[in-house]
Amino acid sequence: QIIMNTVMFTIFHEMKSWKIMGNENLSSFGAGLVSGFATAVISTPTDLIKIKAQLAPKGRSNSVDIVKTMLKQNHYSLGKNIRALYRGNVTNLAREGVFTMVYLGLYDYLKAPLEDHYKSA
């Protein structure tokens, strides 16, 4: 979780500083979308392993066993294993992208007036 939040906020602030869309508010929402996509790239494999652990029979539900099983099923092929880890990535990209766009876009939009209010007080 710490890694995903670090990536999310780092990319958000970097992208926002580019002011790609001209309008600062639109740039915040666009930066949120891009940062959500980056977060999804990290979270998809971990989410998949968590789901497989929840569905695994008792005694074979730890992450190491799940990854070993995936490696064996894909005959230790790097390409097949990467594709297997990113199964469902499109859904995760859509979910994380939209959520982070709204979350960080609104955060940034509402933060500015509050900062101005408390600076003048």
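Just after helix H3, His-75 takes a positive phi of about 55°. The model is predicted. Its largest nonpolar core has six residues, and H2 gives the most to this core. H2 and H3 pack with their axes 9 Å apart.

**Ends of H3**
- At the start of H3, Asn-62 points a side-chain oxygen at the backbone nitrogen of Val-64, reaching to within 3.2 Å.
- Beyond the other end, just after H3, comes His-75 with its positive phi.

**Nonpolar cores**
- The largest nonpolar core consists of Leu-48, Ile-49, Ala-53, Ile-66, Met-70 and Ala-84.
- A second core is separate and holds five residues, among them Met-8, Phe-12, Met-15 and Leu-104.

**H2 against H3**
- The packing angle between H2 and H3 is about 100°.
- That value lies in the 65 to 115 degree range, so the two helices are roughly perpendicular to each other.
- On the H2 side, the contact is made by Leu-48, Ile-49, Lys-52 and Ala-53.
- On the H3 side, Ser-63, Ile-66, Val-67 and Met-70 take part.
- By type, the residues of this contact are six nonpolar, one polar and one charged.

**Leu-85**
- Leu-85 sits in helix H4, which covers residues 78–85.
- Leu-85 counts as partly exposed because its relative accessibility is 26%, and buried would require under 20%.
- From Leu-85 to Met-70 is 15 residues in sequence and 8.6 Å in space, C-alpha to C-alpha.

**Thr-100**
- Thr-100 lies in helix H5, residues 89–120.
- Its relative accessible area is 0%, so Thr-100 is buried.
- Beyond neighbours within four places in sequence, Thr-100 is in contact with Met-8, Gly-32, Ser-35, Gly-36 and Gly-105.
- One of these partners, Met-8, is also a member of the second core.

Methods: Residues numbered from 1 in each chain as written. Predicted model: local features only at pLDDT ≥ 70, side-chain atom pairs only at ≥ 80, totals over all residues. Heavy atoms only, no water. Core = buried A, V, L, I, M, F, W, Y, C linked by side-chain atoms within 4.5 Å. Buried < 20%, exposed > 50% of the residue type's maximum accessible area, 1.4 Å probe, protein only. Helix = DSSP H or I, 4+ residues; strand = E, 2+ residues; numbered from the N terminus. Axes fitted to C-alpha atoms, helices over the stretch in contact; angles between N-to-C directions. Parallel < 35°, antiparallel > 145°, perpendicular 65-115°, else oblique. Contact = heavy atoms within 4.5 Å. Nonpolar A, V, L, I, M, F, W, Y, C, P; charged D, E, K, R; others polar. Polar contact = N/O pair within 3.5 Å; in protein donor to acceptor, adjacent residues only side chain to side chain.
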